[in-house]
Amino acid sequence: MSKFYGKQEVYDLLETKGISFEKMEHEAVYTIEEMNKAGINEKGTVCKNLFLRDAKGQNHYLVTVLEEKRVDLKALAAQIGSTKFSFASEQRLAGYLGVKQGSVSPFGILNDESKSVVVVFDEELRTEKSVGIHPNDNTASVWIAFDDLYKIIEEHGNKVIFAKF
């Protein structure tokens with residue numbers, strides 16, 4: 001079995017790779033509203049993350065968008081050529097990304113040993129200097145350059161798609 005990436009392992013990976021990041025420890029937050037109430041969004045652009053599956057449960061997608069964006073699942077499925085989307089179960093979330101509900105993050109891809117989860121990024125993220133995401137634990141947030149985040153996922157080997165929301 002390969003390494004499991006929890007909060008400390010994400011920090012260690014970023015430091016080992018020489019990637020600049022800022023971290024903020026905070027109370028557990030489960031929604032964008034709770035993040036905003038805790039003042040987390042004052043540090044910069046926060047991302048909303050969804051873990052989805054297709055109609056047959058054969059394909060899984062980690063969707064990361066700017067916090068204020070609404071995600072139209074039907075339109076997204078059509079845009080990327082998938083069947084109807086639904087939210088993946090807690091068991092699938094734990095099995096593929098190694099996280100619990102409320103802690104979904106692009107860093108969860110590091111726990112996808114099969115490299116089968118497709119990452120779907122909001123194309124507007126490309127213009128963000130820094131984005132805020134959980135380090136696989138919703139008691140902290142990390143601000144990292146989007147280019148560095150993209151590079152980590154690309155190096156891991158998961159397919160990445162950019163979509164319009």
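Here are some questions and answers about this predicted model.

User: Which residues lie nearest the centre of the largest pocket?
Analyst: The lining of the largest pocket is made up of 19 residues. Those nearest the centre are Tyr30, Asn49, Leu50, Gly102 and Val104.

User: Which element gives the largest share of the lining of the largest pocket?
Analyst: Two elements give two or more residues to the lining of the largest pocket: α2 (32–37) and β2 (45–53). The largest share is 5 residues, and the element that gives them is β2.

User: Moving inside, which residues have the most contacts in the largest nonpolar core?
Analyst: In soluble globular proteins, nonpolar side chains tend to be buried together. Here the largest nonpolar core has 32 residues. Elements that each supply at least two residues of this core include α1 (7–16), β3 (60–66), α4 (90–97) and α5 (146–156). The residues with the most contacts inside the core are Leu14, Leu97, Phe107, Ile144, Leu149 and Ile152.

User: Which residues is leucine 97 in contact with, leaving aside neighbours within four places in sequence?
Analyst: Leucine 97 is one of the residues with the most contacts inside the largest nonpolar core. Once neighbours within four places in sequence are set aside, its contacts are Phe51, Leu62, Arg92, Val104, Gly108, Ile109, Asn111 and Val117.

User: Is glutamate 25 buried, partly exposed or exposed?
Analyst: The relative accessible area of glutamate 25 is 47%. Buried means under 20% and exposed means over 50%, with partly exposed in between. Glutamate 25 is therefore partly exposed.

User: Where are glutamate 155 and lysine 17, the pair that links distant parts of the chain?
Analyst: The side chains of glutamate 155 and lysine 17 meet in a salt bridge, at 2.7 Å from N to O. These partners are 138 residues apart. Glutamate 155 is in helix α5, and lysine 17 is in the loop between α1 and β1.

User: Which residues do salt bridges that share partners join into one network?
Analyst: Aspartate 122 and lysine 69 meet in a salt bridge of 3.1 Å, N to O. Aspartate 122 counts as buried at 1% relative accessibility, and lysine 69 also counts as buried, at 12%. The network made by shared partners joins Lys69, Asp122 and Glu124.

User: What separates the C-alpha atoms of alanine 140 and glutamate 25?
Analyst: Alanine 140 is found in strand β7 and is buried, with a relative accessible area of 0%. Beyond its neighbours within four places in sequence, its contacts include Lys7, Tyr11 and Glu25. Although alanine 140 and glutamate 25 are 115 residues apart along the chain, the separation of their C-alpha atoms is 4.2 Å.

User: What is phi of asparagine 136?
Analyst: Asparagine 136 lies in the loop between β6 and β7 and is buried, with a relative accessible area of 9%. Although asparagine 136 is not a glycine, its phi is positive, at about 65 degrees.

Notes. Residues numbered from 1 in each chain as written. Predicted model: local features only at pLDDT ≥ 70, side-chain atom pairs only at ≥ 80, totals over all residues. Heavy atoms only, no water. 1 Å grid on protein atoms, 1.4 Å probe; cavity = no way out; pocket = protein on both sides within 12 Å on 5 of 7 lines; lining within 4 Å. Helix = DSSP H or I, 4+ residues; strand = E, 2+ residues; numbered from the N terminus. Core = buried A, V, L, I, M, F, W, Y, C linked by side-chain atoms within 4.5 Å. Buried < 20%, exposed > 50% of the residue type's maximum accessible area, 1.4 Å probe, protein only. Contact = heavy atoms within 4.5 Å. Salt bridge = Lys/Arg side-chain N within 4 Å of Asp/Glu carboxyl O.
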